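I had a sequence and a set of coordinates to go through today. These are my notes, in the order I looked things up.

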Amino acid sequence: MFRLFWTISVHSRYYLRRYMPSNRLLDAIRRRRGLRWGMPAMLIAAPYLLIASICTRLIDDGGPGWLHLVVFWAIWNAMKFVIMGPVSLALLVRARTQEAVARRRAHAEQVTHDHSMNQEPVSAGALR
């Protein structure tokens, strides 16, 4: 039974990550090239919150109960985008730090290599 739930969970996660537009956008933001768009992407939360607000009013005015699912969906997606802003900022800082360290190491290796290539070989006669 546990295996069945695990399989259903894995397949539903795969489907949602692959085909839902908000998840695809968040995956694009998590890539190195997209990290700079994390803070502006927080603005996408505003339409989701507007949808949740409208549906909540409709529910209060006697609308159908299935609108609760729409409210849940909208708030969930809004939270994902709001959280992604600071997370992408932290990931961007980490990526730029790692890139700076790699550049420094490459520069140090290049200087060491150039320095060793510029030294003249010592002849056996000069050692006596």
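My entries below run from the overall form down to single residues.

**Ground rules.** I am working from a predicted model, where local features need pLDDT of at least 70, side-chain atom pairs count only at pLDDT 80 or more, and totals for chains, interfaces and linings use all residues. I number residues from 1 along each chain as its sequence is written, and my side-chain values use heavy atoms, with hydrogens and water left out.

**Overall form.** I counted five helices and zero strands, taking helices (H or I, at least four residues) and strands (E, at least two) as DSSP runs numbered from the N terminus. Along the sequence that reads α-α-α-α-α. Next I checked the radius of gyration: the protein has 27 Å, while a compact globule of 128 residues would come out near 14 Å. That radius is taken over C-alpha atoms, and the globule rule is 2.2 Å times the number of residues to the power 0.38. The box filled by the C-alpha atoms, along the principal axes, is roughly 105 × 40 × 20 Å. Buried residues make up 20% of the 128; for me, buried means under 20% relative accessible area, exposed over 50%, and partly exposed in between (1.4 Å probe, protein chains only). I also looked at contacts (heavy atoms within 4.5 Å). Of those between residues at least 6 apart in sequence, 62% join residues at least 24 apart.

**α1 against α2.** I asked at what angle helix α1 (residues 2-19) and helix α2 (residues 21-30) cross. Their axes come within 5 Å and cross at roughly 75 degrees, so I log α1 and α2 as roughly perpendicular. The cut-offs are under 35 degrees for roughly parallel, over 145 for roughly antiparallel, 65 to 115 for roughly perpendicular, and oblique for the rest. Axes here are lines fitted to C-alpha atoms, for helices over the stretch in contact, with angles from 0 to 180 degrees between N-to-C directions. On the α1 side I found Leu-16, Arg-17, Arg-18 and Tyr-19, and on the α2 side Pro-21, Asn-23, Arg-24, Asp-27 and Arg-30.

**Rings.** Rings of Phe, Tyr and Trp (its six-membered ring) pair if their centres lie within 6.5 Å; planes under 30 degrees apart are stacked, over 60 edge-to-face, the rest tilted. That rule gave me five aromatic pairs. One of them is Phe-2 with Trp-6, tilted, at 6.1 Å centre to centre and 40 degrees between the planes. Phe-2 and Trp-6 sit four residues apart in helix α1, so about one helical turn separates them, and both are exposed. Phe-72 and Trp-76 have ring centres 6.3 Å apart and planes at 25 degrees, so I filed that pair as stacked. They too are four residues apart, in helix α5 (residues 67-118), about one helical turn. Phe-72 is exposed at 55% relative accessible area, whereas Trp-76 is partly exposed at 46%. Ring pairs also link Tyr-48, Trp-73 and Phe-81 into a cluster.

**Two single residues.** Is Ile-29 buried or exposed? Ile-29, in helix α2, is buried, with a relative accessible area of 4%. Beyond neighbours within four places in sequence, its contacts include Gly-34, Trp-37, Met-84 and Ser-88. Asp-60 belongs to helix α4 (residues 45-60) and counts as exposed at 63%. From Asp-60 to His-113 I get 73 Å, C-alpha to C-alpha, across 53 residues of sequence.
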